[in-house]
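Please open the structure in your viewer and keep the selection panel at hand. This tour goes from stop to stop, saying what to select next and what can be found there.

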Amino acid sequence: MSTQVANNSLGRRALQKLLRQKLTVICFVVIIIYLSIALLGALNLLPDFQARVGESYEPPSLSIAKIFGTDIFGRSVLFKLLAGTKTAISIGFLVTSIAVPIGITLGSLAGYYGGKIDGFVVWLFSVIVSVPYLLMVIAISYVLGKGMLSMCIAMGSIGWVGLCRLIRAEFLKHKEREYVLAARLLGANDYNLIFKQILPNVLHLAIITASLQVLGAIKSEVILTYLGVGVQDGSSWGSMISDATGELVNGHWWPLAGVVITMFFIIYALNVVGDALRDALDPKLVD
Amino acid sequence: MAQEVLLNVENLVVSFDTDRGKITPVNGVSFQVKRGKTLAIVGESGCGKSVTSLSIMGLIPGANGKIEGGAIEYDGQDLLKFSGTQMRKLRGDKIAMIFQEPMTALNPVYTIGNQIMEVYKLHREMSKKEAFDHALAMLEKVKIPDPKQRMREYPHQLSGGMRQRVMIAMSLACNPDVLIADEPTTALDVTIQAQVLDLMKDLQTDLGTSVIFITHDLGVVAEVADDVVVMYAGDIIERGTVFDIFKDPKHPYTQGLLDSLPKSSDTKNEELQAIKGMVPSLFDLPQGCRFKDRCALAEEACGESSPELEKFSDTHEAACFVTSRNNAA
Amino acid sequence: MVGYIIRRLLYMIPILLGVALLVFTLFTTVGEDPVRIALGNHASPEAITELRSKWGLNQPLHLQFLDFLKQIITFDYGRSFNTGEKLSALFAQGALVSLSLTLPPFLLAVMLNVSMALVVAYYRGSIFDRFATAFFIMAMSISYLVYIIAFQYILAFQFDLFPINGYEAGFRAIPYLVLPGIIIIFVSMGPDVRMYRTVFLDEIKSDYVRTARSKGAAEPRVLFKHILKNAMIPILTYTVVAIPFLVLGAFLMERFFSIPGIGDLMINAINTGDFPVLKGLTMYIAIGYSIFNLITDILYAYVDPRVKLD
Amino acid sequence: MSKVLLEAQDLSKHFPIRAGILKREVGRVHAVNHVNFELFEGETLGVVGESGCGKSTLGRTLVRLYEPTTGTIHFDGKDLTQADKFDLKKMRRDIQMIFQDPYASLNPRMSVGKILEEPLALHDIGTPKERQERVQQLLDRVGLPQDAIWRYPHEFSGGQRQRIGIARAIALNPKIIICDEAVSALDVSIQAQVLNLLVELQKELGLTYIFISHDLAVVRYISDRVAVMYLGEIVEMASSEDLYATPRHPYTQALLSALPVPDPTKRGTTKILAGDVPSPSNPPPGCAFHTRCPHKTDACMQDNPALKAFTNSSQHFVACHHAETLNQDN
Amino acid sequence: MSALKKTLLLSSLTALIALGLSCKPTPKTEDSVTDSKGITSKKMVFNYLRGTAHKSLDPMKQFDSASADLVANIYDRLFEYHYLKRPYELSPVLLSEMPTLSEDGLTYNFTLKKGVRFIDDPCFKGGKGRELVTDDIIYSIKRFADSNVNMLSYMLVEGSIVGLDEFHAETKKLGKETNYAKLPVAGLKKIDDQKFSITLTRKNPLALLPFAATQISIVAKEAVDKYIEDFERHPVGTGPFYIKEYSRRGVMVLAKNPNYHGTYPAEGDSGDKESGLLADAGKKIPFIDEIHLPLIEEPQPAMLKFQKGQIDWIGLDKDNFNKMAYKDEQGFHLNETYSKKFDMYAEMGLVMEYLVFNMKDPLLGKNKALRQAIAYALDTKGYIEKMRNGRGEPLKSITPIPIAGSQAQTETDYYSYNKEMALKKLAEAGYPNGEGLPEIVIEYRSANSATRQDFEFLRNQLSTVGITLKPGFQTFSAFLTKIESGNFQMATAGWAADYPDAENFYQLLYGPNSSPGPNHSAWANAEYDKLYKDSKYLPNGPERYAIFAKMHKILQDEVPVIITWNPIYFGLFQKWVGNMKRNMMQDAPFKYLKIDTAGKKKGV
């Protein structure tokens, strides 16, 4: 037995709850599709978006590659979108996998120990939130050299703040809960209390935050790429939108339409699932 | 005082749609409230007593609850046929309610005065000044020390007992015919509970209000009730005068409840007469008598159909096959 | 209360020190080299050293940092490397413009979104609620950049409803700010209405709502009198702290609509390594943020009588 | 009389109130104030009082969930207030606690099996298999089905959860269990079941209880001796019988009188105590009860009466200047 | 109840306000102006834009084109490149005529125009602009050479005027102590208030060209002394316009200098007369009363504004070119819908685009065949067609086509796309079909969508022969640092003429010009260097062109850079704009332009 199982049980209930809503299920499927595309991309199984499939700027037509038309090089907009999906999902994952562990660790320690550690963490995030987000992201990207990885690190190294606050607040509440007191009375040490007792109870926040983080990262990428600190090589939604600003006036609406639609589905799905997760994992409703 | 029935609840059925299916927390409940008297509804958590009271207040439609059937007659009119506006006019004016947690039941961001005055604003054509004076008078009536000062204070600045007094003042502001008190003293300490009960009794005598007193505390029931209704899992299983219930309980559940209270004669060398098992889930009710799984007297017949209330005297009814048979025999 | 304010103001010191250190580290150790940018192609090494020393960039880092601290205390961040203008002047000009771009739509948006959220919360669970939720998520799913391009192209160019871009001082600026304002409101709608709606729905579950209803209050009164004031507490925290960042304007908006605000100034400063501007702007914002945080807390205590500041 | 298992001397727990620019301590909440008592092996000591009287703080201070401000707690020859981490962990095996809220006291993300195994694992007791057996045994002992191991707290009712809490408390075979409002949140019919279980366990395992509750009837039923607390102080302590039959302190008298009796014929006999409990952050000078006491004199407003034996000889302790004079008729 | 209504009311009110405000701003009425002779006429406003904000309006301190465009209209220089004549030749501005050269070919004698006055400004006695005198010229040249003032552009005159280099060095030593009066420059001689001479270090046909640069605009000492630090925001010149509203990031407004001394050119190129460009010959300029210059950084809204007629002249970028124009055998044309409304020009730029190899790079520097392979693999023609809508010409020599000594004169040839040759050279380089060839990183100085697309094109090109490219999109300063420190493999580059002479391009590969000089490839070839020195001071002519051809041969063989293409610049202007002829050496010739106000109103 492990906490894993424990989460599964609550997770199972949450899942049942989620599956009762049709829309949520559809959105789940959408997310899974995007994830699979990203996975295929990671395995290099996506069609090469660099390959020419036709003349430049062919409007959409009924072949798979040209369903969203072609771009200036006659490349398939769809393939670019797929490659961009991989980029977007990787960004989402990277940012989340940086922000969430930091947020959880600092939030837990601050909330649990209080005192000087708490003071330090609060100070740290107060400092970070006092500086305009964009400025920070761009600056950190510069520090690390422009590019997708540094952009992700930049977003990640700021993105933990929100989660950290949440986790800290929850720890402050939970550490006075009777089940924690009981565990302390049974001789549990700090490690046990933080990681085995309290953390599993606040982890749902991390899941919800992560889904929002993915969302935010995807949206930020567009702006940052537009500003020239984002994705440099390869296809990304941000670079496609950036290109599309000029294409639109030429009547080449399809690359933009393609990005908007592609982004729309994943953001919509993440939002709906995020909301549903919030409801399903809300301990008020589960307990 | 005339033994006139002011409020008549007839076969009330309330259901809720939940994620896990439909439940019926109130399943055909009937009782009468007499003018100027106190009716206590007793039962453990989840027996449907609070849902009943909210139904009377007309606060059930909404959320996911639905009144499936029955009638609530107040002064000869069926409240269930009232429109939203009509019901709203009645609420707080003719029928008022107080709740268990005075801290959360009061709006934390408005002053006490403001909240009491609101009742007048809603139901009486009054100037601000008049409303203020009336509210102040109400605070005096519920014996809040320094009422002028309190008018300007916020709920959190008051102690639990004081807050409940404010709730009482607010509910009695329009001199209602019926006051529904839903566990009004459960959150209070005994000494404060005694104060509040005392106050309620005084006010009831003064104003002639009928009270529906909802509680799980049998001691309190014995203290305040004229008539008692005992509920279990959405059904009324016994009703009678307070003496009927405490001196000669007929239903095994009522008996069990009384027995499980530690009495002054009990010592820990004697086991308490506990009711075995636990209240069934509303999602998974047993066939027949809903109490049968916990009942020491249960027979096969109890599982076949649910017992109806049966008269034991003019005032006393209980719903149990076994007791009825024994009584008949 | 006074003690609380003093304490909070004192707490600003470590925060601002932290911000100073962060900004200093980020922009001094890396980022664009302002000297290279100022001198451009083929600058002679002497010219580079010369300018570096003129701008004080050849000093040891700790001395530069001390200088920076001095600047913070004296509120004098010097002149922009780029244009030689005093930062205070740049800020004074730009802040007003940025605020005139962002503040009115922000306030309108708060009012509008709170009202819409209340309406949606009122019809919670209905088809209308679902439809509205779907609509707001949809609105959120489209990139800000796309809104700007599309709105400018369609509303201003095709339909001629607004000037395409531009800015004039004073009240003549108003016509130019309408379209950007509409976009700002539009973009804020999705996330805000959804957030406010959640807040309202949380409050609707409260006991005092039941009390209000049992008094005979009608639903709109319950929503607007009882719930709204309680919900203002989380809404306040959400909105008031956003105000200092409004000074930054909305850089994309400023670029596309040629509004000479601070957002664009900041982006340009980043791209040219204009430290004095960056340092100054960041510190202004950080101070503004701390102060507005404090204001939030004071407002908090004002809205919520349970909160005592001491 | 049996042996003293635990002894609290001059035990206080004050919570600082901080304010001002530098958050200096400007006052203290006197949650527990100079409390002395002995706990005898095998007995149940009831602690009653109204909310805010410090009874729960006392319980938590005794197990060092709170660090006491003053005083000592001697258990098994050792002063617990001085215990280091190691000693404390050892002590944890001997003193356990059952909490009030059956919903909050169990970790919702742990299966019942895990919850019950936890204490054993923490103290490295037995092999996993032995622990498993012990868990089953515990479930059996508190009357829960074996399949509970795999289930989670939210699948149980309040009474069952409290049984899980009890099973957890007895898992380490403690000597003392502090029951902090252990049955308060339960319905009457369930309350009786749990009380019966507690009594059974005490007999079977030779447990010593400190039973903290605001419910006078329950305390009377389960306790051998009862201490009445008011504003952080013990105002009266006596055997259960003595205390309920002949309460000596005006507060105890009022408290007992206010207790509603499930007997409609005894209606209206309540002596109503005026006023509210003063704030423990600003306790009145002298006797803490004087603001509500119908018998107060000037002395009450100046000196805080010590807890002393009533009529010297007895085991009935009262903290009242006028205990003797007030109770002459008894 | 009422509260809900209130909200709805509030919302609709808001909507109403929004609608009310949405009425477009009333255009500033183009009120009339009265000129010095008392003749009232319609005010002529020229609406243009600035794509970036200027840095400094101090002529000696600026180097960016945004600043130069403004400086050129506020200040005057001794010369400018003739507005109409091609190839570009100098014509006098502040001088009454072109200077005369002494017999030894070393001293130029100048005579100032009479009656040139600075604009009225409080820095002058009585606030009245005083007349321009020789001292101003000498002061301005000295100020240009003052290393404390000008850190950017001294190299324009370096080594060419007697005593000026010494002066430059001296100012560096003296710093703030510098006093021009105490530092005479032998080569700058005042003869009287109207006459002065400049003595050269050696015969140099290019010596006068720098005096057409905005950096050697003529300033007044009074203004410099009075405004000190603020001088760069408070220009005082003799130019055709003065700043009416200074707004760096908003709308900058220039207004006509009513006392301007200049006149419209009396002669032009062949065909200019026919196209009406000489209609105003000899008339007093400027014609325009005001120039409005909003800062519009995004190209998209700028084009939308142009199409609405709110901007009179705009450069035509790639995306819009695609939409609005096309190319056929006869050249470039506007689509019919647009040609009714606008006029378009297409002018060959004085710009050479190229790719630089780092000769210190262990891979590329040592492997000539590899560099040649890359040169063969590039489809420059295709690039121009595809990425630039054909708006350029492949270059066959390092000099842009409009400049004397370019491919037309040297008759040189250059690499063109040849896959077989590329593969052959690649094999020769030791990487048959690109096998074993590591990734090559090419550096860019920004990361906007155009550069990204450029890179993608290049990558696709080279991948056809098996060469893998990786982009390094750098920030500008990082790019410079990388390039100048020689820490790169390949980089993109472009060079715009400082002055329209081939020397300005050949110097790009002159050995001693290695970084921080403009020769970033760090390529040094003794023969080339010698040829360069030989050609530098020769006047244009067959002798010089022959040397160019030899130098070109070496470049073509060694490939330290790959010369790619010469862009053509396009612009659109409204039909009501008159006298428009794109002059690549004068980016903002506002003083010659005019507006047909009546026609504009009618909507020509």
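Which residue in β4(D) is the bridge partner of Q9(D)? Before looking for the answer, keep in mind that this is a predicted model.

**First stop: a sheet in chain D**

Select residues 4-19 of chain D, which form strand β1, together with residues 70-75 of chain D, which form strand β4; these two strands pair in the antiparallel sense over five bridges. If you now display Q9(D), you will find that its bridge partner in β4(D) is T72(D).

**Second stop: a sheet in chain B**

Move to chain B and look for an open sheet of eight strands with mixed pairing, in the order β6-β7-β8-β3-β9-β10-β12-β11. At its edges stand β6 (95-98) and β11 (310-311) of chain B, and since each has a single partner strand, one side of each is left without a neighbour in the sheet. Residues 49-57 of chain B form helix α1, which packs on this sheet and touches β3 (38-42), β6, β7 (178-182), β8 (210-215) and β9 (227-232) of chain B, while its direction makes about 145° with that of β6(B).

Next select residues 190-207 of chain B, which form helix α8; this helix lies across β3, β6, β7 and β8 of chain B, and runs at about 160° to β8(B). Then pick out strand β10 (residues 235-241) and strand β12 (residues 317-318) of chain B, which pair in the antiparallel sense over two bridges. Within this pairing, the bridge partner of E238(B) in β12(B) is A318(B).

In chain A, select residues 133-144 for helix α5 and residues 190-227 for helix α8, whose axes come within 12 Å and cross at roughly 60°. The two helices α5(A) and α8(A) are therefore oblique to each other, and their crossing is right-handed. Show the side chains of Y133(A), L134(A), V137(A) and I138(A) on α5(A), and those of S220(A), L224(A) and L227(A) on α8(A), as these residues make the contact. Sorted by class, the contact of α5(A) with α8(A) has six nonpolar residues, one polar residue and no charged residues.

**Last stop: chain E**

Finally, select chain E, whose secondary structure comes to 18 helices and 24 strands. The radius of gyration of chain E is 27 Å, close to the 25 Å that the globule rule gives for 604 residues, so this chain is as compact as a globular protein of that length. Its C-alpha trace spans about 85 × 80 × 55 Å along the principal axes.

How far apart are the nearest C-alpha atoms of chain D and chain E? They are 40 Å apart, and the two chains do not touch; chain B and chain E do not touch either, with their nearest C-alpha atoms 11 Å apart.

Technical notes
Residues numbered from 1 in each chain as written. Chains lettered and ligands numbered in written order. Predicted model: local features only at pLDDT ≥ 70, side-chain atom pairs only at ≥ 80, totals over all residues. Heavy atoms only, no water. Axes fitted to C-alpha atoms, helices over the stretch in contact; angles between N-to-C directions. Helix = DSSP H or I, 4+ residues; strand = E, 2+ residues; numbered from the N terminus. Parallel < 35°, antiparallel > 145°, perpendicular 65-115°, else oblique. Left-handed = near helix turned anticlockwise from the far one by under 90°. Contact = heavy atoms within 4.5 Å. Nonpolar A, V, L, I, M, F, W, Y, C, P; charged D, E, K, R; others polar. Pairing = 2+ DSSP bridges. Rg over C-alpha atoms; globule rule 2.2 N^0.38 Å.
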